[in-house]
Amino acid sequence: MSGGLPQCGKQTSSLAILDLSNNNLMGSIPNGIVSLPSLRSLHLERNGFSGNLPLSLKKVNQLVVLDIGENKLSGIIPSWIGSLVSLVVLRLRSNLFEGSIPEQLIKLASLRVLDLAQNNLSGVIFPHSFGGFKAMVESHTERPKVLISKYNQVGIFSNASYFGGFSSTYNYLESLVISAKGQQTEYTKVLFLVTSIDLSSNRLSGKFPDELTSLHGLIFLNLSDNLFNGKLPKNIGDMNQLESLDLSINNFSGIIPPSISSLTFLGHLNLSHNKLSGKIPSGNQLQTLDASAFYYNDGLCGFPLRNCTSETPAQGPLHGGNQDGNQDWFDNLWFYIGLASGFIVGFWMIILFIMMKKSRRISYFQSIDKVYDWIYVKLVIYSRRLKSILTRRN
């Protein structure tokens, strides 16, 4: 479908689920549609909507899923979004939002998926805002099959029954595309198990919020391609449910905290393009990770990079040429200095050996004369032959 949406929607409407995703719809988001009192799930992603978030959305306090990613929406993320206390999914990915992340997000205690990636957001993160996601604090130690069986006891399984208490009569499965582990994956039946924060590809700055480490149930965390700096928190290993951690393309410095080795579920790690140093912690999942997870950190060493006894900083295969080249140039410099010194010392030793005795000097110069005469005779003979050949050809 293409074109704009009409300003429609009755305040008595019982419409709970509205999915207009993956179309060519354009223009602003109508106030009439998003202010429906019974609306629980709103999907407008992958369209061409523009303008600001409609203020009427503030009134939809039963909204559980808000996915308006991959559009052209702009302006700031309004502070009133914290009034949507039932939100479980907030996905504003790939838009033109700017400004800082509102600290009112702390009020979203039920939030499990926060995706603000690929916008123009800037400034520092309000640490206490991210420590208030109570739904991400709970650590699920049970495996998925056990949890699914648990929810099946209340009727036909539907992730909707988990997202805000939808009646099982809807038999509706929420679907959400989440970027994690370096790829995009669509989650449906097991979406209720996912907890994710993605703030990648913005211009956010400041230090790693320590409050994030209190989110023991967080599974996916992506802060890549920003301007974060400072050291990584010592207790980063407290997020023991993490399966994917991406902190690449930032300005993080210092060592990799040893507690990171306690992340036993970690299947994807990317710390490349930072300023980290020291030895890479060992143990558990870290031993199975590819070396590319640590590339482009000047001071890192240890497995799976080079041995820490090496003087050469650890680099990736493309970027490493600069550092390796400096080390090779330094080694070659000493080689040529030694070669030149040896030549000079050897030369003067021969000269002294010859000059110390008259008979040696005479013998030496006679041998030089013989070599000169031999070369001269050979050149004369070859020149005459060449002249003769050219004369015959003419």
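Mentor: On a 1 Å grid over the protein atoms alone, a cavity is a set of points where a 1.4 Å probe fits but cannot get out, and a lining residue has an atom within 4 Å of a point. Grid points are joined across faces, edges and corners, and a volume is the space filled by probe spheres set on the points. The model is predicted: local features need pLDDT of at least 70, side-chain atom pairs count only at pLDDT 80 or more, and totals for chains, interfaces and linings use all residues. Residues are numbered from 1 along each chain as its sequence is written, and side-chain values use heavy atoms, with hydrogens and water left out.

Two cavities of 30 Å³ or more are found by this rule. The largest cavity has a volume of about 40 Å³, and its lining consists of Arg91, Val113, Asp115, Leu176, Val177, Ile178, Ser179, Ser196 and Asp198. Two or more of these residues come from each of strand S10 (113–115), S12 and S14, strands being DSSP runs (E, at least two residues) numbered from the N terminus. S12 contributes the most, with four residues. By class, this lining has four nonpolar, two polar and three charged residues; Ala, Val, Leu, Ile, Met, Phe, Trp, Tyr, Cys and Pro count as nonpolar, Asp, Glu, Lys and Arg as charged, and the others, Gly among them, as polar.

The second largest cavity holds about 30 Å³ of space. Ile29, Val34, Leu42, Leu44, Leu53, Pro54, Leu57, Leu66 and Ile68 line this second cavity, giving nine nonpolar, no polar and no charged residues.

Note on methods
1 Å grid on protein atoms, 1.4 Å probe; cavity = no way out; pocket = protein on both sides within 12 Å on 5 of 7 lines; lining within 4 Å.
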